[in-house]
Amino acid sequence: MSLDSAEFHAAVYDIVRLIPACRVTSYGHIAKLAGMPNHSRHVGQALKFLPPNTNPLIPWHRVIGASGAISSRGPGTDGAQRQRDALVAEGVEVTTGRTGDLRVDLHQFGWFPSAAQIRDQWQPHATDGQGAVGTESE
DNA sequence: CGGGTGACGTAGG
DNA sequence: CCCTACGCCACCC
């Protein structure tokens, strides 16, 4: 199956909408859930394309890098700061490095479910209230 | 049509 | 943990 760019955007938005509060995931994981594991950059591209009015509908701030770092997004932009503010408001701990880099502990706030678990969210059969799903490095 | 770029990721030093 | 190099692909020049 080949995803069109528009459909890829829609898939990305749909997945981002599923991210629970106080949790974060990575661009690459969203790309993987969307069926395109190598299109991690385009996930960010899709979020960049995101209109301001859809902000409250799509928790874009819960998407960070696979290393738990919030992308600088350029020195003149305040996107990273707004993202940090939104995450902190939800209760996510964001640490600031000496160089001003913003990072989140994925072991504590990471949310990396598989496609099957996503389907499980749409149809809650197993009521497992697990926290960090799929903490790879453990 | 070649080259640079980016809200990325992984591997290696 | 830091930085560098490379792969990736849509988009822009």
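Okay, let's start with helix 3, residues 40-48, where the buried residues are Val43, Ala46 and Leu47. Look down the axis of that helix and its buried residues fall within an arc of 95°, so they line one face of the helix. Keep in mind that this is a predicted model.

What do those buried residues pack against? For helix 3, the partners are helix 1 (5-18), helix 2 (27-33) and strand 2 (63-64).

Now, the DNA. There are 13 residues around DNA strand B, and the closest are Arg41, Trp60, Ala66, Ser71 and Arg73. Which helix gives the most to that surface near DNA strand B? That's helix 3, with 5 residues. Helix 2 and helix 3 each supply at least two residues there. If you sort the surface near DNA strand B by class, you get 4 nonpolar, 6 polar and 3 charged residues.

Let's zoom in on some atoms. Leucine 47 is one of the buried residues of helix 3, and a backbone N or O atom of leucine 47 sits 3.2 Å from a base nitrogen of DNA strand B. Alanine 66 goes to the phosphate: a polar backbone atom of alanine 66 is 2.8 Å from a phosphate oxygen of DNA strand B.

How values were computed
Residues numbered from 1 in each chain as written. Chains lettered and ligands numbered in written order. Predicted model: local features only at pLDDT ≥ 70, side-chain atom pairs only at ≥ 80, totals over all residues. Heavy atoms only, no water. Buried < 20%, exposed > 50% of the residue type's maximum accessible area, 1.4 Å probe, protein only. Helix = DSSP H or I, 4+ residues; strand = E, 2+ residues; numbered from the N terminus. Arc of directions from axis to C-beta. Contact = heavy atoms within 4.5 Å. Near = heavy atom within 4 Å. Polar contact = N/O pair within 3.5 Å; in protein donor to acceptor, adjacent residues only side chain to side chain. Nonpolar A, V, L, I, M, F, W, Y, C, P; charged D, E, K, R; others polar.
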